[in-house]
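Please keep the sequence and the coordinates in view while reading.

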Amino acid sequence: MADGPRSATARAHSNIAFVKYWGNRDHRLRLPANSSISMNLADLHTTTTVAWERSLRLDTLRINGALAADSALERVRNHLDMLRARFKTRRYARVCSMNNFPMGTGIASSASAFAALTMAAGTALGLNLSERELSILARMGSGSAARSIPSGYVEWHAGHSHETSFAETFASSDHWKLIDVIAIVSRAHKRTGSSAGHETAGSSVLQPARIGSAADRMGAVKSAIMRRDFEQFASVVEEDSNLMHAVMMTSDPPLLYWAPLSFAIMKEVRHWRTVEHLQVCFTLDAGPNVHCICASTDADAVVARLQALSSELEILRSTVGCGAYILKP
Ligand code: PMV
């Protein structure tokens, strides 16, 4: 490698899962207990520059301009350690990361963050990694980051080894213009993050049932997306979210992510679909915010109804996004 800094800038989008990843078969490798499906979110992204510099004695991290410390820095350093070992470099990196979505809104940034970090780090080292290799490496930072590498509608194959656990596109972003209308119920930082949650998932007696039936939901969601069948899509997506939260609630210690307003919105969404015939369904990750997935024709009506429920509710909205890409090699 030449003496000067080697740097690259990559952008990756966040994603929302329709069949969730919860629990690992192998925690060290982040091999998930089940395969999962998501769509990338075009309007929520992380842009990361990685500069490998000979003069650095430690990795540094800036998030939205501010120097990061503690757990965020430690997680990035662990990921860079893994990349250093794999790509045989002894250089440390200066990492600058910008999220275009408000930080601290309870919208997970780890998927877009580790996808962008992995792509920028590899490109800066002059490596021409395939999409599959990038997905495998991003997975080591955050499981859901594996799904932010490919474009559009994505399936993460659980796999049975490090090399076989990766995500790939099964439908392009323009195949079906779904919209994610996100109701920000709470901005509070979650007390138990997903990494800790994956470790306790196995303590719920419901987890084997969720895992055992995940392949059926994968098939049903995939076929609903391919046929643009909103009714089938909605019923399986809501069932899968409820199953994951049932596992969370019955784990030791129990994880109770829903707030009263989350629950009220979930009930309203079902009413809007079944009685008012809007094409909308809900799904929630490891937090109280409600992702209302809707047909593009019904997104404005869903936003108006959410605002009518609570005028102070903050709402984000996104269409289907592309995969991770390099902005500046
Ligand atoms: O990638 P992680 O470790 O943040 O886990 C993501 C877990 C969920 O968001 C709850 C589900 C998912 O599949 O994205």
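How many residues surround the ligand, and which are the closest? In this predicted model, 14 residues surround the ligand, and the closest are Tyr 21, Ser 142, Ser 144, Arg 147 and Ser 194. Sorted by class, this shell consists of five nonpolar, six polar and three charged residues.

On its own, the ligand has 390 Å² of accessible area, of which the protein covers 96%.

Attention may now turn to a pair of helices. Two packed helices are described by the angle between their axes and the distance between the axes. Helix H1, spanning residues 70-87, packs against helix H2, spanning residues 110-124, at an angle of about 35°, and their axes are 11 Å apart. The crossing of these two helices, H1 and H2, is right-handed. On the H1 side, the contact involves Arg 75, Val 76, His 79, Leu 80 and Leu 83; these meet Ser 110, Phe 114, Leu 117, Thr 118 and Ala 121 of H2. Six of the residues in the contact of H1 with H2 are nonpolar, three are polar and one is charged.

Two details of backbone geometry remain. Most residues other than glycine have a negative phi, and most peptide bonds are trans. Lys 88, although not a glycine, has a positive phi of about 55°. This lysine, Lys 88, is placed in the loop between H1 and strand E7 (92-99). Elsewhere, Asp 252 and Pro 253 are joined by a cis peptide bond, with omega about 0°. Pro 253 belongs to the loop between helix H6 (230-249) and helix H7 (260-274).

Notes:
Residues are numbered from 1 along each chain as its sequence is written. This is a predicted model: local features need pLDDT of at least 70, side-chain atom pairs count only at pLDDT 80 or more; totals for chains, interfaces and linings use all residues. Side-chain values use heavy atoms; hydrogens and water are left out. A residue is near a molecule or strand if one of its heavy atoms lies within 4 Å of it. Accessible areas come from the Shrake-Rupley method with a 1.4 Å probe; for residues, only the protein chains shown count as cover. Ala, Val, Leu, Ile, Met, Phe, Trp, Tyr, Cys and Pro count as nonpolar, Asp, Glu, Lys and Arg as charged, and the others, Gly among them, as polar. Axes are lines fitted to C-alpha atoms, for helices over the stretch in contact, and angles run from 0 to 180 degrees between N-to-C directions. Helices (H or I, at least four residues) and strands (E, at least two) are DSSP runs, numbered from the N terminus. A crossing is left-handed if the near helix is turned anticlockwise from the far one by less than a right angle, and right-handed if clockwise. Contact means heavy atoms within 4.5 Å.
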